[in-house]
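I opened this notebook to keep track of what I looked up, beginning with the pocket and going on to the charged pairs.

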Amino acid sequence: MFELRATGYLQSHHAEYADLSEIFRAVFPDDADFTGAPFDACRLNGRLVGLPLLFSPRVMFYNTELLGKAGVAEPGAGWTWNDFRKSLAAFRPILPPEKRYYWKAEPFLWMNYLRRAGGTLIDPAAGDPVRIDTPETRRGLSAIYQLLHENGIPFVPRHPNYWERFIDGELPFIEQPRQFLLLLNSCNCRNWRLAPLPAFPGGIDTTMQATEIFCVRKECADMHTAAGLVRLLLGKSFQNFIAESRYGISVRISAMQRSLDPHDPGDCLFLSEVPKMTTNYHLSDSTLYKLVITGINRVLAGEVGVDEGTAELAAMTRTFLKLRPPAAAADTAGEFAALFANKAVFR
């Protein structure tokens, strides 16, 4: 009944989860200590379908020793996608393809570069909301495909221990959120630094937010226990524990201030990237989510060309949105009125 989910999954499966607005208000009537942006990703159709526990922008971790051996300049503010390509090219003579760069067929990774190239999947504010076949989206997909193809980098759906290669000093670059710091520190890994993700000239300076979200399935009949978990997970003690662990960024402002060191260059980078976070995939249907994600991965794997694949995928998405039955009425605050009538259960 109780789950931790990532942003993209929760947004596309939001109809499966209960509205936690009333629970949050009852447990924390004064929400002044909570930062707002991570919560925005959990609000769909007037419902708060999850509560973020921690969040982080994604940045580029790089191995200083490997870059030094290859004669590659360390990246920094303003480095571009072409700079990134040149950096990886320098590793071709000294590292096998699977150790030059790691690519995982997951939307949280390729969405970063679609957005940074100026593209997206769906824009509800546009006259034609489907943006899969726009020049900007195709630009991002073409750049990713070129990078993988020219370096012989395997396109794999899953690789559970890919981070081990970076920790072992075998991988020069890896995109990760601040949650990765805990693993690096626990393994006593020291040969690394941080940089923002490479930029596309004329694109958007943004990064996909990494969020760990507590959510409750609609079938749950025990809102008393759900409220207890909300009180625990968003309470000061647990949020301070997250902050002291440096595992992501706490959603409590007081805990966040304890965790982020303004004199630490890495923390300063994370702080500067927070306002740039993107939180919405705009794929609010689970079937559409699976179809689009599968289609994009096929394009990046080279099974179909970028123009052909995005044209077909965009046409399918337009048809899907046109023929999709009207969404079920959104849950209202009164849906669980009987459960919330006795606020004492939340205290």
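The entries below concern a predicted model.

I then listed its lining, which comes to 32 residues, with Ala6, Arg58, Lys104, Glu106 and Phe108 lying nearest the centre. Among the elements that give two or more residues to this lining I wrote down β1 (2-5), α1 (7-12), α7 (107-116) and α15 (286-300).

I searched the whole structure and found 22 salt bridges. One of them joins the side chains of glutamate 3 and arginine 5, at 3.1 Å from N to O; glutamate 3 is buried at 17% relative accessibility, since the cut-off for buried is under 20%, whereas arginine 5 is partly exposed at 28%. I also noted that Glu3 and Arg5 belong to a network of salt bridges with Glu16, Arg217 and Glu219.

Which residue does arginine 116 bridge to? I found aspartate 205, with the closest N and O atoms 3.5 Å apart. Because arginine 116 sits in helix α7 and aspartate 205 in the loop between β9 and β10 (207-208), the pair ties together parts 89 residues apart in sequence. Arginine 116 is buried, at 2% relative accessible area, while aspartate 205 is partly exposed at 43%.

I then looked up arginine 193, which forms a salt bridge with glutamate 74 at 2.9 Å between the closest N and O atoms. Arginine 193 lies in strand β9 (residues 192-195) and glutamate 74 in the loop between α4 (64-70) and α5 (81-89), 119 residues apart. Arginine 193 is partly exposed at 46%, and glutamate 74 is partly exposed at 37%.

Notes: Residues numbered from 1 in each chain as written. Predicted model: local features only at pLDDT ≥ 70, side-chain atom pairs only at ≥ 80, totals over all residues. Heavy atoms only, no water. 1 Å grid on protein atoms, 1.4 Å probe; cavity = no way out; pocket = protein on both sides within 12 Å on 5 of 7 lines; lining within 4 Å. Helix = DSSP H or I, 4+ residues; strand = E, 2+ residues; numbered from the N terminus. Salt bridge = Lys/Arg side-chain N within 4 Å of Asp/Glu carboxyl O. Buried < 20%, exposed > 50% of the residue type's maximum accessible area, 1.4 Å probe, protein only.
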